[in-house]
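Colleague: Could you take a close look at the salt bridges in this model, and explain where the partners sit and how open they are to the surroundings?

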Amino acid sequence: MLKKIELHVHLDGSISLDLASKLSNLSLLEIKEKMVAHKKCNDLSEYLNKFDFPISLMQSEKNLKLISKDLVDNLEKDGVIYAEIRFCPLYHTKEGLDLDKVIKSVLEGLGENKNVKTNLLLCMMRELSYEDNKKIIDLAKKYLGRGVVGIDLAGNEKKYKLKNYKNLFIYAKKNNIPYTIHAGEVDDVDLLDAINLSVKRIGHGVKCIKDPKLISLIKEKNILLEVCPTSNIDTNQFNNIKDHPVYELYKNKVNILINTDNRTVSNTTLEKEYTLLLKNFPFNESDLYFMNLNSINYAFLSSEEKLELLEKIKFVN
C-alpha cells in the first residue's frame, strides 16, 4: 500500500458509521440514510445537507475527542502518514462549548494516535458573517503552530461568491496565516478571485477545465488543486468518473493531489480513490506516488517537517 498524504478531508464529513451509531443509539441503516450521500445528489446543496446530523453529534468535548481519534485511526488504516483535517469550530458551540474547548478536544483526540501526523485547518464558511469568519482567523492565529496550520473557506460557492470574502483573506495574510480556498468545485467563476488572492492551494478547482486560460494561470502560479473525484461525482459535477478531468489535468502538468473530501458522506477512502483512478484512466502507481511526493511541498509545514515526511514516504512497488 502506498504511503499517502491527505490535504483535503473534513472532520464532520468523515465520522465512521459505527461510531455515529454508538453515539446516537440509532441503527446503522438509519445512520447511513442520514450521513451518506445518495449517488448522485441533485447538486452541492443536497450533498451538504448530509453534514447536519454529524455536526449535531459533535457538541461535547467527549464526542469531539472520540470522533477525532476515530478519523485518525481510519487514516492510519488507509496508509496516510500526514493529513490536514478541516472543520468549522463555530459549528460545535451550539450546546455551550467555547471555541478553545472545541479546538483542544479535537487536538487531543487526534494526538492519541502517534502513527499519523495531523494538523488542523479551520474553516470559515460562506454562509457566516464577516465577524464570525474573522473569529476563525483569530482562533487560527492563537493556535498557529500548536496543531493548527491554516484556514479555509468552505460552503456553497454557487450561492455565495468568493469576492465577498476578499477582506478576510487580506486580514489572514497580514497575520501570516496560510490558507486554502474551496473554489472551482461547481463553477469556474471563483477561480480567478482565488488565484488573485495569492492562494497556493485550491480545494477542488476542477472546473478550471472549462477555461484554458485558468489552467495556464494555475500552472504559472504553481498552485496545487486538492482534487476529490468521488465527491465531485456525488455532487453531480460530472456524469461519471470517466468524465472527470483528473487525468486531463495531470497530463497537462497541473499540480494535483487526490483526496477523499468526506470519507463517510462520499463512502470512500484514499485507497478506493486510487483504485478508481487506476481502473478508469491511464494512471499508474508511480503517478500516484509522484502526486503524494509533490504534495509535501504544499503542506502547511516547516521545512524541517517536510524533510521528515520526505524520508517517510517511500515508494512501494
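Modeller: Because its relative accessibility is 25%, Glu305 counts as partly exposed (buried means under 20% relative accessible area, exposed over 50%, and partly exposed in between, using a 1.4 Å probe and protein chains only). The model is a predicted one, in which local features need pLDDT of at least 70 and side-chain atom pairs count only at pLDDT 80 or more, while totals for chains, interfaces and linings use all residues. Residues are numbered from 1 along each chain as its sequence is written, and side-chain values use heavy atoms, with hydrogens and water left out.

The side chain of Glu305 meets that of Lys117 in a salt bridge, at 3.0 Å from N to O (a side-chain nitrogen of Lys or Arg within 4 Å of a carboxyl oxygen of Asp or Glu). This pair links distant parts of the chain, since Glu305 belongs to helix H15 (residues 303–312) and Lys117 to strand E3, 188 residues apart; helices (H or I, at least four residues) and strands (E, at least two) are DSSP runs numbered from the N terminus. Lys117 is likewise partly exposed, because its relative accessibility is 25%.

A further salt bridge joins Asp78 to Arg263, whose closest N and O atoms are 2.8 Å apart. Asp78 is found in the loop between H5 and strand E2 (80–87), and Arg263 in the loop between strand E8 (255–258) and helix H13 (270–280), so the pair ties together parts that lie 185 residues apart in sequence. Here both partners, Asp78 and Arg263, are buried.

Lys158 and Asp187 form another salt bridge, with 3.7 Å between the closest N and O atoms. Lys158 lies in the loop between strand E4 (148–154) and helix H8 (166–174), whereas Asp187 lies in the loop between strand E5 (181–183) and helix H9 (191–196), so that this pair links distant parts of the chain, 29 residues apart. Asp187 counts as buried because its relative accessible area is 17%.

Salt bridges can also share partners, and in this way Glu84, Arg86, Asp152, Arg201 and Glu226 are joined into one network. Altogether, the count of salt bridges by this rule comes to 17.
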